[in-house]
2 protein chains.
Amino acid sequence: MGINKNSIIRLSRYKSVLTRLRLQGTAKVFSDGIADAVGVTAAQVRKDFSIFGLSGNKRAGYYVDALVERLNAILGKDEVQDVVIVGAGNIGQALMKYKGFEREGIRIVAAFDIDVAVCRDRTRIPVWPLFKLSRFVSGRRIKIGIIAVPENAAQEVADIMFKSGIKGILNFAPLRLRGPQGSVINNVNLEIELENLIYFVNLSAPEDNSTFLNRNS
Amino acid sequence: MGINKNSIIRLSRYKSVLTRLRLQGTAKVFSDGIADAVGVTAAQVRKDFSIFGLSGNKRAGYYVDALVERLNAILGKDEVQDVVIVGAGNIGQALMKYKGFEREGIRIVAAFDIDVAVCRDRTRIPVWPLFKLSRFVSGRRIKIGIIAVPENAAQEVADIMFKSGIKGILNFAPLRLRGPQGSVINNVNLEIELENLIYFVNLSAPEDNSTFLNRNS
């Protein structure tokens, strides 16, 4: 892949900060303001922006509106992205109710579950039996899926998703999924996130600076 | 910090894989088996193990039981770790019901919320009004907290937590929290995780290999 993965992850973070500044009515911002909110150096912000052709300068700063629009275009957020969830348990339900996604142009259009007892189709986001997944995804040409099923079902669900045309999976099951060529998998393992935190808390001496375990810190 | 952050994150992943192997009754494992499940090279596994004094060898392999025990000791998982959650909304409730934590020796002992309407103390995990947080945390000497409140309340909640003696926060609010010296913050931003996935799906050409957005890949 030509573009550095971490620079894209930073762009997402810049956009997140800038979107909030825009909501607060801020018109212009300097690279050090963005840097500070994201936790990188101002030089890194300027470098990332210049790689992606985002203009502005050290003295006059950047226009927030224009930056957000350009970042949305770069990050493919010009149009609403439809997403399905498999697994309507605790995590799945929480994600279905999570308001942050819509604000970012991400729409969860349906959920699927193997347990028909949790299925319902009169809710804002319908929950359908798993066997309907394949037809729905291929019919609607959906490219993005979220997996929130138990570990022992996750790879099987992923295989069905990929066969139906899904290209990218955000996986909350605590294992490393495998996908076909061209697929993208983002594993978010909540146990490991908490474990790492505990480890570093037990390790850190009082005189340390605060430690960030962010992906790109 | 003397020890490399990514090596610790990898140790957590090794432990996760090995714990599962043990549950399946596997007695011995080779570095390439672990490497494959985690998505790193076998040389990397052997290097990480040797740094932390985990013995075994290329030909005879490693004893799963012994490895898990040593990893638990290194990662500070010998004793149960008590954790509090602030925010009993969708994400908070899902985390309270999440079974993966207990399996890893992590016990959520109480949740707190500003909204007294969601508070209840006869549940397995009690939900108390926020004003009780400080006394509970300092009285029980709790070191780890999870934040699952809206963005605009998160920093204020974090400040209260740190003042009460919390040393590490797993933060699900979509902003970068600040903490005092010696604190550890692990930000998990679900919007950004999904956005990055969408970006890479839109980017990838069919002939690419599958892409992993894991923290340490």
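Copies are superposed by least squares on the C-alpha atoms of residues with pLDDT of at least 70 in both. This is a predicted model, in which local features need pLDDT of at least 70 and side-chain atom pairs count only at pLDDT 80 or more, while totals for chains, interfaces and linings use all residues. Residues are numbered from 1 along each chain as its sequence is written, chains are lettered from A in the order in which they are written, and side-chain values use heavy atoms, with hydrogens and water left out.

**View 1. Chain A and chain B superposed.** A rotation of 180 degrees, with 0.0 Å of shift along its axis, places chain A on chain B at an RMSD of 0.0 Å. The two copies are thus related as by a two-fold rotation axis. Both copies use the same surface, since 100% of the contact residues of chain A recur in chain B (contact: heavy atoms within 4.5 Å). Chain A holds nine helices and nine strands; these are DSSP runs numbered from the N terminus, with helices being H or I of at least four residues and strands E of at least two.

**View 2. The interface between chain A and chain B.** Here 82 residues of chain A are in contact with 83 residues of chain B. The buried area is about 8000 Å², and carbon and sulfur atoms give 59% of it; this is the accessible area (1.4 Å probe) that two parts lose on being put together, summed over both. Seven salt bridges are counted between chain A and chain B, a salt bridge being a side-chain nitrogen of Lys or Arg within 4 Å of a carboxyl oxygen of Asp or Glu. Over all chains the count is 17.

**View 3. The salt bridge between B:E195 and A:K15.** The side chains of B:E195 and A:K15 meet at 3.6 Å, N to O. B:E195 lies in helix 9 of chain B and A:K15 in helix 1 of chain A, so the pair joins two chains. Both B:E195 and A:K15 are buried (buried is under 20% relative accessible area, exposed over 50%, partly exposed in between, with a 1.4 Å probe and protein chains only).

**View 4. The salt bridge between B:R178 and A:D36.** The closest N and O atoms of B:R178 and A:D36 are 3.9 Å apart. B:R178 is partly exposed at 40% relative accessibility, and A:D36 is partly exposed at 47%.

**View 5. A salt bridge within chain B.** The side chains of B:D82 and B:R140 meet at 3.8 Å, N to O. B:D82 belongs to strand 3 (residues 81-86) of chain B and B:R140 to helix 7 (residues 133-140) of chain B, 58 residues apart. B:D82 is buried, with a relative accessible area of 17%, whereas B:R140 is partly exposed at 44%.

View 6. In helix 4 (residues 64-74) of chain A, the buried residues are A:V64, A:L67, A:V68, A:L71, A:N72 and A:I74. They cover an arc of only 160 degrees around the axis, which puts them on the same side of helix 4 of chain A; the arc is that of the directions from the helix axis to the C-beta atoms. The buried residues of helix 4 pack against several elements of chain A, including helix 1 (5-23) and helix 3 (42-51), together with helix 9 (190-203) of chain B. Just after helix 4 of chain A, A:G76 takes a positive phi of about 70 degrees.
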